[in-house]
Amino acid sequence: MTEPLKIGLIGTGRIGQVHAASIAALPGLALHWVCDPFLESAKSTAERFGGAQVTADPADVLSSGDVDAVIVASPTPTHVDLIDAAIDAGLPVLCEKPIDLDIERVDGLREKARRAATPISLGFNRRFDPHVAELRRRVGAGDIGGLEQLTITSRDPAPPPGEYVAVSGGIFRDMTIHDFDMARFFVPDIVEVTARGARQFSAEIAAEGDYDAAVVTLRGASGELVTITNSRHSAYGYDQRIEAFGDAGMLQVGNVGPTVVRSYGASSVEAQGPYHNFFLERYSDAYRLELVAFAAAIRGDEQTNPGFEDGRAALILADAAARSAAEGVSVEIDPNA
Ligand SMILES: NC(=O)c1ccc[n+]([C@@H]2O[C@H](COP(=O)([O-])OP(=O)(O)OC[C@H]3O[C@@H](n4cnc5c(N)ncnc54)[C@H](O)[C@@H]3O)[C@@H](O)[C@H]2O)c1
């Protein structure tokens, strides 16, 4: 039997916990090093998931000579340097989104990332959601003919705190970034971005100069139109839907709940329980399947995870959306830039 791949996990916050749990659940992966400057968190994560060496310093993991790959789940400003260091250490890396909030920093690493001999994967997990993956497969198989319109709805159940918003880079770079990647999953070449933001309900978000709702329209190189609707709140829970429309039909992925049980009574029929609480629950399969794909890439199979260029492309769209919303203009994108 092949030995499990030894994984170094850098960052053990919200998303780091998800990756630790996925590693523990997958027989092909083993949590070997856990790193967090908040050492108590590194220790408790290692203990919870079967034991691993712990450190407060990512350099210990990267220079250990004792891991097959690293997962970067630390805050966004650390990503560029950690990807860079993983390349130098000859280690495959799965880095959380976004690569950075500053395209110049991303471009500073671009050439090196392009030449890297080891896989660099970006944590756009939604591509691995089984429902989304099936929708993508069927669009690719021609089930709806030519894709003409893609409609993405993404609403969070409740807004993040003001201190999170202050360092988030704004709704387009923080939240819509997943939807920009989803748009590119179906329409890789986007040539125009038009975005409008609104301050509808959160004084805290408005105080940070950010929007709590947004609508973005993207135009693809072949004339496809993509609409993204975002809100930082939703009274009925986490709202995640996609619709692909073509000349021969339409495909939809609706919201998913923990159970398909429906109840029927005097005051309502076909009633379902609430949707999944938030992204950790809704996309739990996707987070695990993205690691399955990463493991295959580490072992030398073709990389199917989104990579550095996908991370960069999504950030370019986010920057364009921020500019479009601020200036009230449409922004052209050079797909070859
Ligand atoms: N793919 C997704 O759906 C998804 C979801 C949530 C967050 N994220 C991304 O993951 C990253 C982390 O987000 P989070 O919500 O888990 O944050 P978090 O604040 O919950 O956790 C970050 C952790 O990293 C640690 N840390 C800080 N500096 C570090 C360093 N230099 N090296 C190692 N660890 C360090 C912190 O102590 C903390 O434990 C962000 O870039 C975020 O955008 C992605």
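Tutor: Let us begin with a definition: axes are lines fitted to C-alpha atoms, for helices over the stretch in contact, and angles run from 0 to 180 degrees between N-to-C directions. Helices (H or I, at least four residues) and strands (E, at least two) are DSSP runs, numbered from the N terminus. This is a predicted model, in which local features need pLDDT of at least 70 and side-chain atom pairs count only at pLDDT 80 or more, while totals for chains, interfaces and linings use all residues. Residues are numbered from 1 along each chain as its sequence is written, and side-chain values use heavy atoms, without hydrogens and water.

Student: Why is α6 called roughly parallel to α9?

Tutor: The axes of α6 and α9 come within 10 Å and cross at roughly 30°. Angles under 35 degrees count as roughly parallel, over 145 as roughly antiparallel, 65 to 115 as roughly perpendicular and the rest as oblique; therefore α6 is roughly parallel to α9.

Student: Which residues make the contact between α6 and α9?

Tutor: Val132, Leu135, Arg136 and Val139 of α6 meet Met182, Phe185 and Phe186 of α9 (contact means heavy atoms within 4.5 Å).

Student: What makes β12 and β15 edge strands?

Tutor: Two strands pair if DSSP finds at least two bridges between them. The open sheet has 7 strands in the order β12-β11-β7-β10-β9-β8-β15, with mixed pairing. Strands β12 (249-253) and β15 (331-332) each pair on one side only.

Student: How do you know that β7 and β11 pair?

Tutor: Strands β7 (residues 147-155) and β11 (residues 239-246) share 8 bridges, in the antiparallel sense, and the definition asks for at least two.
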